[in-house]
Amino acid sequence: IIKEIFSSLYRSAKDTYQENIESNFNTLVVIDEAHRLIPKGKGDNDYQNQAKEVLVKSFIETRKFGLGWMVISTRLSNLDDTVYEHSRVKIIGYDLQTGSDGDIIKESFGKDILNYYATLPDPTDPLSDGRQHVFMVSGPICVLSRKAPEFLEVFNNSEDFLIENNIN
């Protein structure tokens, strides 16, 4: 079923693009627990491998059709390398500074960025006064640089957001 959904999205986006180049599909597909659908290496069975093949192809080819893909996973190292490499925007949360995940960050952004990333506060620390949720962001949405990632702290409750933005 998953393979058919991905195939159908691919065909529909491509058809929309070919019928009217000035318009596009304008759709974002969000895949949570993406490591289950696009794992590093081979999947558990032929059906999973076929679905992965269609998804990876779609991930690479459908941007121009207006079909975007957002993958959410707990580890960078659990995802297919092609998907990570073709992600234009990367938003990386806390606690990926060691092992294979740390190697990916170091290779992508350099040792200095990895060292800085390792200093980010743990949002789950019960001894912390206030929980900070900091993300490393890279890609064309970054304001300062297209080469170095930016670090973004997000609010963890609506009250702080309203106060900070002077909204009553």
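## Strand pairing

Two strands count as paired if DSSP finds at least two bridges between them. Helices (H or I, at least four residues) and strands (E, at least two) are DSSP runs, numbered from the N terminus. In this predicted model, local features need pLDDT of at least 70 and side-chain atom pairs count only at pLDDT 80 or more, while totals for chains, interfaces and linings use all residues. Residues are numbered from 1 along each chain as its sequence is written, and side-chain values use heavy atoms, with hydrogens and water left out.

Strand E4 (residues 133–138) pairs with E5 in the antiparallel sense over five bridges. Glu150 of E5 is the bridge partner of Val137.

## The sheet

E3, E4 and E5 form an open sheet in the order E3-E4-E5, with antiparallel pairing. Strands E3 (90–92) and E5 (150–154) are at the edges with a single partner strand each, so one side of each has no neighbour in the sheet. On average, neighbouring strands of this sheet are turned by 30° against each other, direction ignored.

## Helices H1 and H2

Helix H1 (residues 2–19) packs on helix H2 (residues 46–61) at an angle of about 25°, with the axes 8 Å apart. Axes are lines fitted to C-alpha atoms, for helices over the stretch in contact, and angles run from 0 to 180 degrees between N-to-C directions. H1 and H2 are therefore roughly parallel to each other (angles under 35 degrees).

The contact (heavy atoms within 4.5 Å) involves Ile2, Lys3, Phe6, Ser7 and Tyr10 of H1. From H2, Gln50, Ala51, Val54, Leu55, Lys57, Ser58 and Glu61 take part.

Technical notes
Angles under 35 degrees count as roughly parallel, over 145 as roughly antiparallel, 65 to 115 as roughly perpendicular and the rest as oblique.
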